[in-house]
Every structure is written in structure tokens, then in C-alpha cells.
Amino acid sequence: MNILITGGGSGLGEALTRMLSQEPNTVYFTYSNSEANAKKIEGECSGTHAIQCNFKNVSQVSNLVDSIHDLDVDILINNAYVDNAVRTHFHKVPDSDFLNDFTNNVLPTIRITQAAVAHFRKKKKGKIITVLTSGLVGVPPMGWSSYTANKAYLASLVKTWASENIKFNITSNSISPSFMVTNLTSDMDERLIKNMISNHPLKRLLTVEEVAETVLFLTQASSHINGIDVVLNHGSNIR
């Protein structure tokens, strides 16, 4: 299979790239600024191909959109998110930040997914897997208002992509992982992280490898699994 992973050069994305390349797949992964690490991944993982695509760069996003047909993508994994997720309380966030976050994250994801869906419809098959957040389940974490709002927007689109494309054998599912230590959360106070670990039922945080294993399952899942969200939060919000 030909897999395209956005934001596959670091953090969770790197774990996805490395794990999915262990299967008989060709994995195309985008990176923003981490060229050295992208080249390292290419050297260590056969069948991987790095593509520079900073979501803030409209021309780079356009180039990626235009290449989806030529890459003959079978699976799209929407993972990329630029800028830090953790900021401050909602009332202290400038309204311009909400617009910038939406422009830099949601709109590129929409453009890329539109191109993928158009390609999948011609092939009469395809899978879309979108990384959301367990912050959408229950009480949202403080300081994450813009990030969770954008993920909520994508969560709605995940269902639209599923319902509109069922008869074309195209599935759309998502995963919602709990807090992980990645570049996205690098600005978080270490004391808060230690407190989270102390209060965690398993006494450890979710790892990127565990999330990657779940994505791997979805890449191989039956087409009957469609329109679902897999929450990885150790059962904190069982209902």
C-alpha cells in the first residue's frame, strides 16, 4: 500500500512512519523543518520518502495536493499540526491566534483530504485516518482551547468523509490519544507532567508507539469499520 502521513518527520508522526514502514508499504511522509531527521528516517526505514511540506507554506501544500494522484495514495493519515498545542486560558488568547491556527492547520488538512478523496473515488477504495485528541471527550484541558476547537472541527469532518464516501469503499476513522510528551507539548511545565503521571491509573503516560500501533490496526481494518473514533485514554471517560 502507498501511505501518506502528514507531519511524519517527528514526534507521533515519526513513530507512525517507522511502524508503518515495517509492513510491505511505501510510506510518504511530510516534514516541516526537520530535514536532517527526515533524511535519517529515510536512511533507516526502507520504503520511506520524505516530502517537505510546511502547512504555513501555501505553495508547499499546493505541491503536495497536486502530487497525491501521482503518488497513487491508498491511505491518508492526517497527523500534522503546526505550533504548540498548549497556550493559556481562553480569555487570554488573542483572537488572531484562533484564525491563524485554523488557517495553518485545518485548511491544509481539508485541501489534502479533498485531493485524496477525489483520487480514492476514482480507485473505488481508500482509507482516511485522522489524529484528534481525547481532549474532545469529557472536560477539555485548560489552555488547549484553540487546539481542541480545531480538532473538534476535524472530528465533524471525519464523519462527513465517512458518510459521503461509503459507496466508494472509502473509510474515514480517527484516533483520539490522551496526553503524550512530544514536540507539540514541549512547552508544558515538567511539574505538571510529573503530576499527571502521579495521578495516572497506570502511573505512566501514553506513548507514541502505542498510538502508532492503533493506527496500524486501522490501516488494516475491514471497510465495515467506518466513521468511528478510537479513544486512547485508559478508560477515563467510559460511558
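Colleague: Which residue in E5 stands opposite isoleucine 75?

Modeller: Lysine 127 in E5 stands opposite isoleucine 75. Before we go on, this is a predicted model: local features need pLDDT of at least 70, side-chain atom pairs count only at pLDDT 80 or more, and totals for chains, interfaces and linings use all residues. Residues are numbered from 1 along each chain as its sequence is written, and side-chain values use heavy atoms, with hydrogens and water left out.

Colleague: What makes E4 and E5 a pair of strands?

Modeller: Two strands pair if DSSP finds at least two bridges between them. E4 and E5 have four bridges, in the parallel sense. Strands are DSSP runs of E with at least two residues, helices are runs of H or I with at least four, and both are numbered from the N terminus.

Colleague: Which other strand pairs with E5, and over how many bridges?

Modeller: Strand E6 (residues 170-177) pairs with E5 over six bridges, again in the parallel sense. At one of these bridges, glycine 126 has isoleucine 170 in E6 as its partner.

Colleague: What does right-handed mean for the crossover from E5 through H5 to E6?

Modeller: Point the strands away from you. If the path from the first strand over the helix to the second runs clockwise, the crossover is right-handed. The β-α-β crossover from E5 through H5 to E6 is right-handed. E4, H4 and E5 also make a right-handed β-α-β unit.

Colleague: Why is strand E5 called largely enclosed?

Modeller: Count its buried residues. Buried means under 20% relative accessible area, exposed means over 50%, and partly exposed lies in between (1.4 Å probe, protein chains only). Six of the six residues of E5 (residues 126-131) are buried, so the rest of the structure largely encloses this strand. Gly126, Ile128 and Thr130 point one way, while Lys127, Ile129 and Val131 point the other way.

Colleague: How many of the ten residues of H1 are buried?

Modeller: Eight of the ten are buried, so H1 too is largely enclosed by the rest of the structure. Leucine 12 lies in this helix (residues 11-20). Its relative accessible area is 7%, so leucine 12 is buried.

Colleague: Why is the pair of tyrosine 81 and tyrosine 147 called edge-to-face?

Modeller: Rings of Phe, Tyr and Trp (its six-membered ring) pair if their centres lie within 6.5 Å; planes under 30 degrees apart count as stacked, over 60 as edge-to-face and the rest as tilted. Here the centres are 4.8 Å apart and the planes stand at 75°, so the pair is edge-to-face. The pair links distant parts of the chain, 66 residues apart. Tyrosine 81 sits in the loop between strand E4 (75-78) and helix H4 (95-123), and tyrosine 147 in helix H5 (residues 145-164).

Colleague: What makes tryptophan 144 and tyrosine 147 an edge-to-face pair?

Modeller: Their rings are 5.5 Å apart, centre to centre, with 70° between the planes. Tyr81, Trp144 and Tyr147 form one aromatic cluster.

Colleague: What makes a set of residues a nonpolar core?

Modeller: The set holds buried Ala, Val, Leu, Ile, Met, Phe, Trp, Tyr and Cys residues joined through side-chain atoms within 4.5 Å. The largest such core has 29 residues, and Leu4, Phe55, Ile112 and Phe120 have the most contacts inside it. Helix H3 (58-71), H4 and H5 each give two or more residues to this core. H4 supplies the largest share, seven residues. Apart from it lies another core, of 26 residues, among them Phe29, Ile129, Val131 and Ala212.

Colleague: Which residues does threonine 214 touch?

Modeller: Contact means heavy atoms within 4.5 Å. Leaving out residues up to four places away in sequence, threonine 214 touches Ile175, Val230 and Leu232. Threonine 214 lies in helix H7 (residues 208-220). At 17% relative accessibility, threonine 214 counts as buried.
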